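Subject: Structure for your review, with notes on aromatic contacts

Hello,

Here is the structure I said I would pass on. My notes on its aromatic rings follow below.

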Amino acid sequence: MTSQLSYVRTTTDGPWGTYLSQVDRVVPYLGELARWVETLKRPKRALIVDVPIELDNGEVAHFEGFRVQHNMSRGPGKGGVRYHPDVTLEEVMALAAWMSIKNAAVNLPYGGAKGGIRVDPAKLSHKELERITRRYTSEIGIIIGPHSDIPAPDVNTNPQIMAWMMDTYSMNTGTTATGVVTGKPIHLGGSLGRVKATGRGVFVTGREAARRLSLDLSGARVAVQGFGNVGGAAAELFNQAGARIIAAQDHTGSIFNESGFDMADLMAHVKASGGVGGFKGGEVMGNEEFWDVKCDILIPAALESQITAARAKRITARLVLEGANGPTVPQADDILAERGILVVPDVICNAGGVTVSYFEWVQDFSSFFWTEDEINLRLDKIMMGALKKIWDTADRHKITLRTATFAVACERILTARKERGLYP
Ligand code: NAD
């Protein structure tokens, strides 16, 4: 038995290496289920596809696309699709694996999957974006479906892209398969509350963690990396709860305002210009300086491996809320723990999005739609219940919230694995 896979070059601080080391840490808490752990160290299925499209100038360009189904012991695959120039198979494998853990931690009846295209979507026209999405969907159409694997938005993908994916899959199968993707526009079977659900989950888990730390949100200083779907929504909710958003960073730059940004102005600026850079209501700050900002709460909500060991030594926050997937490398995790900085890990902190995706999927099948208040109430209840179980597990074994989340999730996945048995 070995977890060395020939088709990826695993580095200890790369996303797949980070995931493997997180699994290794949970083994002592799995009892006899540990004999099945190897199943978590490799994806069930990984599909690499060529995505050729005709550009507007008549040339043909080829892009690499991926869809990875990490584990489906507990249900169909579920996880987003990322468009980014740095997407690799290794990254998609890790993101799919974190989805398995997250879905099990929140007890959703799903396995874990993820997809991506190695492309900079900012360089494509609207029509090119549609063509790349449709061709990619067709190529991965052999493994996705409402009962087999259900994609959703992730970095640089959105409800419009989900609408094209749903339409392409439906055209290819002669159906109107609304349940094949989540995060769709409302008119196409999307759910109220989905767009802000991940940010809301970050807020709900963060508010509970702050309460347990006796950290008053009123006046608390918050720094946010990544001001997209997740970071922007989380920042708005913390601001509404009385916190000051004093620092923000995204791919367009870093800004700072000790008194807190005017959030309505900042959100309008990001919407109009595509990023926080150039915002007049704050001072420009160096990108590396962002990690030294004196704050109470830090929300990494951009990409993986942002909190390195070096940065972990400088962070001043009492609480780190992982809106992004995999933002903290394992060595940094240890440093934060040693320094008494509480980390609410991605696999619970940002589970609000997939939870409302689950609501969307259920609503699509029943063709009966809930109000936004119903969605938010159910979301808060599920997130709080899952967090309590994780916190109790962490207290019982004296382990970090991350290892506790993995313990809860891996126990559920491996129990299902054991009960299903090994085929043939
Ligand atoms: P998004 O595309 O809406 O926003 C991404 C943000 O990251 C943007 O503000 C972008 O400027 C910023 N960014 C990109 N490169 C950066 C860099 N090098 N330095 C600093 N900032 C950079 O994406 P999103 O949906 O908000 O996803 C953000 C993170 O949250 C990802 O890790 C994603 O996997 C995770 N996540 C998203 C969801 C969801 O429902 N959208 C759910 C769970 C987890």
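Phe359 has a relative accessible area of 3%, so this residue is buried. Please keep in mind that the model is predicted.

Tyr358 comes out at 22% relative accessibility, which makes it partly exposed, since buried would need a value under 20%. Tyr358 and Phe359 also belong to one aromatic cluster, whose other members are Tyr110, Trp361, Phe365 and Trp370.

Over the whole structure, the search returned 11 aromatic pairs. One of them is Phe203 with Phe238: the ring centres are 5.0 Å apart and the planes meet at 80°, so this pair is edge-to-face. Phe203 sits in helix H5 (residues 197-212) and Phe238 in helix H6 (residues 229-240), so the contact ties together parts that lie 35 residues apart in sequence. Both Phe203 and Phe238 are buried.

Tyr358 and Phe359 make up another aromatic pair, this one tilted, with 6.1 Å from centre to centre and 45° between the planes.

There are also charged side chains placed over rings. The charged end of Arg212 is over the ring of Trp391, at 4.2 Å from its centre. Arg35 lies over the face of Trp36, and here the distance to the ring centre is 5.0 Å.

Best regards

Note on methods:
Residues are numbered from 1 along each chain as its sequence is written. This is a predicted model: local features need pLDDT of at least 70, side-chain atom pairs count only at pLDDT 80 or more; totals for chains, interfaces and linings use all residues. Side-chain values use heavy atoms; hydrogens and water are left out. Rings of Phe, Tyr and Trp (its six-membered ring) pair if their centres lie within 6.5 Å; planes under 30 degrees apart count as stacked, over 60 as edge-to-face and the rest as tilted. Helices (H or I, at least four residues) and strands (E, at least two) are DSSP runs, numbered from the N terminus. Buried means under 20% relative accessible area, exposed over 50%, partly exposed in between (1.4 Å probe, protein chains only). A charge sits over a ring if NZ of Lys or CZ of Arg is within 6 Å of the ring centre and within 35 degrees of the ring normal.
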